[in-house]
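This report describes helix packing in the structure shown below.

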Amino acid sequence: MDLLQQYGPALLRGFGFTVLCWALGTIFGMGLGLLIALLRHYGPRWLCWILQVYIEVIRGTPFLVQLFVLYYGGPLIGLRLDALPAGLLGLTIYGSPYFAEIFRAGFRAVPLGQLEAARAIGMTEASIVRRILLPLSMVSALPALINFSIILTKETVILSIITVPELMYQVSRMSAETFRYVEANLVLALFFWGLVETISRLGRRFEARVTKHLIERT
Amino acid sequence: MQASAVEIQKVNKYYGPFHALKDVDLSVPAGKVTCLIGPSGSGKSTLLRCMNFLEEYDSGEIRIDGRLIGYDAPGRKMGGRALREMRRSIGMVFQQFNLWPHMSARENVAEGLLRVRGLPKAEASARAADALAKVGLADKMDNHPSRLSGGQQQRVAIARAIAMEPRLMLFDEPTSALDPELVGEVLTVMKTLASEGMTMVVVTHEMGFAAHVADRVAFMERGELVAADTPDRILHQPQDPRIQSFLRTYHERNSF
C-alpha cells in the first residue's frame, strides 16, 4: 500500500503518456497509412514502387531498431528530436505500412460497379473517395484497423527505451528502486488490459454504427 | 433529317489481342429508344459503356450531341473535368443496380445533385423525392438498398439517373439480374420514360420490350454491328442468317 502511495502518481502519469502516445501514434499512423494507400491507388507507377519499398522496409524491421535509428541516428543527419516527439514519429512510421495495407485491402473489397456509378454521374475522384470508396471500404477494413490499433497499444512500451516517461518507463523505475518486480509488472498488465478492453468495446460500438446498413444481419 | 443524339463511327476496341468492337457504326436518333441485342459476349455492353467512356475505345469516334466523348482529338485523351462535364448529361443504369448501400434511397438520388450539380441540400432532397415518386417509390424513400427488392433497387437507380436531368439514358441489361416477377415494374418505368421522349439506348435480352418499345433495334455479334433497323425488320423479318439463328435459339429457350 505504501508502494502505491509512493509510486501511484508516477504510474498514473505514465499511463497518461501511454494513452497519449498510443492515441496520437494511431491517429497519425492511420493518416499516413491512408495517404500511402491512396497514393498507391491513384499515383503513378514509380511512386507505387517507392511506397512498396517503404512498406517492405518498415514491416521487415523491428520497431526497436527503427526507434534507435530515428533517435540516435537522426542527429547525424540533423534530425534532433526530444524523446516524446521521436517516439510519436516512430510510432507513426511503424504503424503506417500496416494501416496502408489494411486500407488497400478495404479499397479492393469495394465493388467496382459502385465506383463506376459515381463516375457515370460525373463525380470527381476526390468526392468518390470521400463519399463512396472510404465509407464502403470500412466494411472490411474497420475490424482490422481496430485490431491493429490494439496491437499498437503494446508497442508503446518500447518508447521507454528512449526515455519517454510512459507507463513501462515508470514501472521499470519502480521495480529497479524497490525490487518489487512482480507487483510492478502486475500493475502494468492491469493498466494495459483496461486500456485494450476499453478500446475494443468502443471499437465494437463504432463498427456496429458504421456498418449498420452494409452487413446483412439475419 | 433527324438529329442524332449519339453518332458512332468506325469504333474499335481491343482487350489485349481480343478484338471486342470491330468498326462499329451506329446512329442513335434523339428522343427515340434504341435497343442493342445479340448473344452474350457480342460487345453490346462494351459498346454501351463506350458511350459514356466508362470503357475506353481505341479508335473511331463517338459523338454525343455532336461532341466527341473521351478524346479532345483523335488519340488525345480528354481531361477529367471535360469528361465529367459530359457524363453529367448521360444517365446510366447498370445490371447490378450499383446503388450505394450506406445511403438511403433518397440519399442515393440526392448524391449527384449535391456533389455534381452543387444544389443546396434542401433542394437536392426535394428533387430526389420527386424522382423517386416518379418511379413509384415515394413510400420507400428512407429505406436503404438492403431493405428494397431488386426491382425497387433498380427503380431507385433509374431515379438516381433521371434526377440529373440527362439528355441521354444508357441501360446496361437493366432487368437481367432480376427475378422474373420483378422485371415488369422496371420495364414499366422505362416505358414511361420512353413515352416522355427520353433518348434511350438499352442493352437487353427482353425481346418483348425491344419489339414493343424500341424505335430501332441493333443486332451485334462477335464485336460487329450486323444490322440496325426497325424492330419489325430485325425481329420479325430478319434477313441476316446470324440474326435468324439467334432468334431461333431465343424462341426455343423461351417456349414450353
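Which helices of chain A do the buried residues of α2(A) pack against? They pack against α1 (2-42), α3 (63-73) and α4 (83-109) of chain A, where a contact means heavy atoms within 4.5 Å.

The model is predicted, so that local features need pLDDT of at least 70 and side-chain atom pairs count only at pLDDT 80 or more, while totals for chains, interfaces and linings use all residues. Residues are numbered from 1 along each chain as its sequence is written, chains are lettered from A and ligands numbered from 1 in the order in which they are written, and side-chain values use heavy atoms, without hydrogens and water.

**Chain A**

Chain A has eight helices and zero strands; helices (H or I, at least four residues) and strands (E, at least two) are DSSP runs, numbered from the N terminus. Its C-alpha trace spans about 70 × 50 × 25 Å along the principal axes. Of its 218 residues, 44% count as buried, that is, under 20% relative accessible area, with exposed meaning over 50% and partly exposed in between (1.4 Å probe, protein chains only). Among contacts in chain A with a separation of 6 or more, 75% come from residues 24 or more positions apart.

The expected span in the table is 1.5 Å times one less than the number of residues.

| Helix | Residues | Length | Span, first to last C-alpha | Expected span |
|---|---|---|---|---|
| α2(A) | 45-60 | 16 residues | 22 Å | 22 Å |
| α4(B) | 121-134 | 14 residues | 20 Å | 20 Å |

In α2(A), the buried residues are A:Leu47, A:Cys48, A:Leu51, A:Ile55 and A:Ile58. They lie on the same side of α2(A) because they cover an arc of only 100° around the axis, the arc being that of the directions from the helix axis to the C-beta atoms. The face turned away from this buried side carries the exposed residues A:Arg45, A:Trp46, A:Trp49 and A:Gly60.

In α4(B), B:Ala124, B:Ala128, B:Ala129, B:Ala131 and B:Leu132 are buried. These residues fall within an arc of 165° seen down the axis, so they line one face of the helix. B:Ala122 and B:Asp130 are exposed on the other side of α4(B). The buried residues of α4(B) pack against α3 (105-115) and α5 (150-162) of chain B.

**The α3(B) and α5(B) pair**

The axes of α3(B) and α5(B) come within 8 Å and cross at roughly 25°; axes are lines fitted to C-alpha atoms, for helices over the stretch in contact, and angles run from 0 to 180 degrees between N-to-C directions. The two helices are therefore roughly parallel to each other, a term for angles under 35 degrees. At this pairing, B:Ala105, B:Asn108 and B:Val109 in α3(B) meet B:Val156, B:Ala159 and B:Arg160 in α5(B).

Conventions: Angles under 35 degrees count as roughly parallel, over 145 as roughly antiparallel, 65 to 115 as roughly perpendicular and the rest as oblique.
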